[in-house]
Amino acid sequence: MTATLPPPTELRPVAVPRTTTEEVRRPSHRTPEDRIVLVAALAGSVATTWLLYFQILPYSSKLGFVLVWYAVFALFYGGLTKMSQPWTVVTDRLVTTLVIAAPTVVGLALLSTVVMITLKGLPVLLHWNFFTEDMAGVRADDPFTKGGIAHAIVGTLIQVIIAVVLAMPFGVATAVYMSEVGGRGARLVRTFVEAMTALPSIVAGLFIYTVFLVYLGMPSSGFAAALALSVMAMPIMARASYVVLGVVPGGLREASYALGAGKWQTVWRVVLPTARPGLATALILGVARVVGETSPLLLVSGASTYFNTDPFNNPMNSLPLYVYTAVSSGNPTFEERGYAAATVLLAVVLGLFVLTRFVAKEKKSR
Amino acid sequence: MSGDVLAPAAPGPTGVPGEVEDVPRRLTSRHSLQDQVFIHGSRAIGYIVLVIISAIGIFLGLQAIPTLRHYGLSFFTEYRWLPSQDVIGIAAVFTGTIQVAVIAMLLAVPLALLSALFISEWAPPWLRPSLIRITDLMAAVPGIVFGLWVLLFIQPHATHVTHWLSKTFGWIPFFHVRTDVDYPIWSQAPGYPAYAGSAAIASIAVAMMIFPMATSVMREVLSEAPLGEKEAALALGATRWAMVRTVVIPFGKSGIIGGSMLALGRALGETISVVLVISEAFEIKPYVLESGASTISALIASKYKEATPSQLSALLAAGFLLFCMTLVVNTVAAVIVSRSRSGSVTEL
């Protein structure tokens, strides 16, 4: 090597294999002509579609307008490109418009979901009592200054905590078994766990309903709801934790064995601490999935209107169930409360996501 | 560390490389008591989970037997659900489940594939992590919220489109709606009641539920396409789409199929958003744009309350069918996806 190279400490060994994190160079380069074509196609298609759709043809649907506009735009863009470029470039550009349009459509749909639900619930959310009172003695069309969802928030909290306490140890222990102990049994368990992540939540609810409520005669309660949620969450958490444990580098385990540590010591002192942020993220994502699950609760928990912190006796309401009862009540005022509760539910899910962000950051700083 | 007895490793004789072919020594180790407790304990928990999981399947299967004994084969061929007359069958809800799931797939899978391609190939690198996070976030949005969104926001617009579809393509059975499509638009009741609550509109909500999952599975597989081949295609003068078509998509084909099937498994069992949107009707019909349909999960959610023991057993049988369907679809999908990625497991 020549002397122009940086000092030897910064030299990387030549034999290091290229990692896949390397980026492909971006070959996109737009000439002014390309830009003009794009802008012309955009402007021309909007104008043409507006003229056709609203002035000449008797349609008025906004969704239809967007669909027709997109077709016209693709036609214009393709045609204009064809005037100066070969077909391969025309296809490339048309596919590019599609590839950009698809996530945009979904993103707009997601955005409109959040915005519409929040706007619809806002008049209710502005009343502070919505968060501090329950619905006991509140009639469906009472003004928003009366009643609230405190009982549903507390119910959701209790049910989710019980469900996580039941599901998390089993989930992580199963994941440890599948990834650290291994063997034929572990493969069998893995196959079952993977298959069960698709367990329809309503079936989990129906199972708990039939076994505990019909056969064992338990009343509808928060505990039954928590059981249904944990049956659903267990495979999800087991698989997510398994994925996280699989990412722990094998070198760490080998180093631990080489120092004379046993299996248990390796798992407890090396593998689990290394995977802790990932496990926390998996847990939070699992909770986020469970919080919004409605259908099993519909079957087993019963929708109370009053405050109930006892998970074993009496029905216990929860946020998703409250939303469902409110929206299917057919009473406009009560429906609006349902939308407000849905906003709270969305905020909870969003909050959990922000939490994963912090957990992930902690990982980076270590 | 004490208590861990590894077999004493004799110092290897292979000091000179290349002289004798290295054969890994077979290490025999006796586990310490601590390790034995750990291994057997975790195995026990694994088997407990296995038992709980299979108990659900076996229980549902056993519950289905009295139903089949009582209603016989007509349980599968009868489309009506009239508990008061003891006429019960799941033919209608079964076809409804398939219809809703298939339409949701038709909506979600192309969008998911394009979005996955956008994230892995088109999006600038700084945008990618946030797009992935948004997809994850979307996966956690409760089904009931998407149900509300369709009910409140999408249905009024979508009925216009389905009305137009049935008016223009009504001669195709799938787009036909049994109402007077030429009835003047200004005298149609607001919201087109003949078009609201159809299988097609319910499947929009389901599509929103399955989109994030399909996208993230597809994106993971597609982003593992070999960089060298991608650059080679570009170096040969391929446009980006040509590169994607010849390198990325063939590489990720099994991931795309597997991701779609995982999404299908989820779509079959989606309950609450369907219950909210669909107007319940027990009827076998190809007219997916027409108001009225039902799915197995919606049936369970709406009928469990007033069910007598024999009807509860019928619902359990329907649940068992749903369970088997999702199980088969999901297992096949998991096999396809894991084959495409040499043993690594699928992300949710």
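This is a working chat about a predicted model with chains A and B.

Me: Before we start, what sort of model is this, and how are residues and chains labelled?
Reply: This is a predicted model, in which local features need pLDDT of at least 70 and side-chain atom pairs count only at pLDDT 80 or more, while totals for chains, interfaces and linings use all residues. Residues are numbered from 1 along each chain as its sequence is written, and chains are lettered from A and ligands numbered from 1 in the order in which they are written.

Me: OK, how many helices and strands does chain A have?
Reply: Chain A has 13 helices and zero strands, where helices (H or I, at least four residues) and strands (E, at least two) are DSSP runs numbered from the N terminus.

Me: And chain B?
Reply: Chain B has eleven helices and four strands.

Me: Switching topic, which domains does chain A have?
Reply: The assignment gives domain 1 (32-125) and domain 2 (150-365) of chain A, with bounds that come from an automatic or database domain assignment. Taken over C-alpha atoms, the centres of domain 1 and domain 2 of chain A are separated by 40 Å.

Me: How many residues do those two domains of chain A bring into contact?
Reply: Eight residues of domain 1 of chain A are in contact with seven residues of domain 2 of chain A. The side of domain 1 of chain A that touches domain 2 of chain A has five nonpolar, two polar and one charged residues, where Ala, Val, Leu, Ile, Met, Phe, Trp, Tyr, Cys and Pro count as nonpolar, Asp, Glu, Lys and Arg as charged, and the others, Gly among them, as polar.

Me: How many residues are in contact between chains A and B?
Reply: In chain A, 89 residues are in contact with 82 residues of chain B. Helix H3 (residues 87-125) of chain A contributes the largest share of the chain A side, 20 residues, and that side of chain A divides into 60 nonpolar, 20 polar and nine charged residues.

Me: How does H3(A) cross H2(A)?
Reply: The axes of helix H2 (residues 62-82) of chain A and H3(A) come within 9 Å and cross at roughly 150°, the axes being lines fitted to C-alpha atoms, for helices over the stretch in contact, with angles that run from 0 to 180 degrees between N-to-C directions. H2(A) and H3(A) are therefore roughly antiparallel to each other, given that angles under 35 degrees count as roughly parallel, over 145 as roughly antiparallel, 65 to 115 as roughly perpendicular and the rest as oblique.

Me: Left-handed or right-handed?
Reply: The crossing of H2(A) and H3(A) is right-handed; a crossing is left-handed if the near helix is turned anticlockwise from the far one by less than a right angle, and right-handed if clockwise. Among the residues that make the contact are Tyr70(A) and Tyr77(A) of H2(A) and Arg93(A) and Leu94(A) of H3(A).

Me: What about H5(A) and H10(A)?
Reply: The axes of helix H5 (residues 150-181) of chain A and helix H10 (residues 263-291) of chain A come within 10 Å and cross at roughly 140°, which makes H5(A) oblique to H10(A). The residues of the contact of H5(A) with H10(A) divide into 13 nonpolar, one polar and one charged.

Me: Last one, where is Leu289(B), and is Leu289(B) buried or exposed?
Reply: Leu289(B) is found in the loop between helix H9 (272-277) and helix H10 (296-303) of chain B, and Leu289(B) counts as buried because Leu289(B) has 24 C-beta neighbours inside 10 Å. Not counting residues up to four places away in sequence, Leu289(B) touches residues including Phe175(B), Val177(B) and Tyr195(B).

Conventions. Buried ≥ 20, exposed ≤ 12 C-beta atoms within 10 Å, placed from the backbone.
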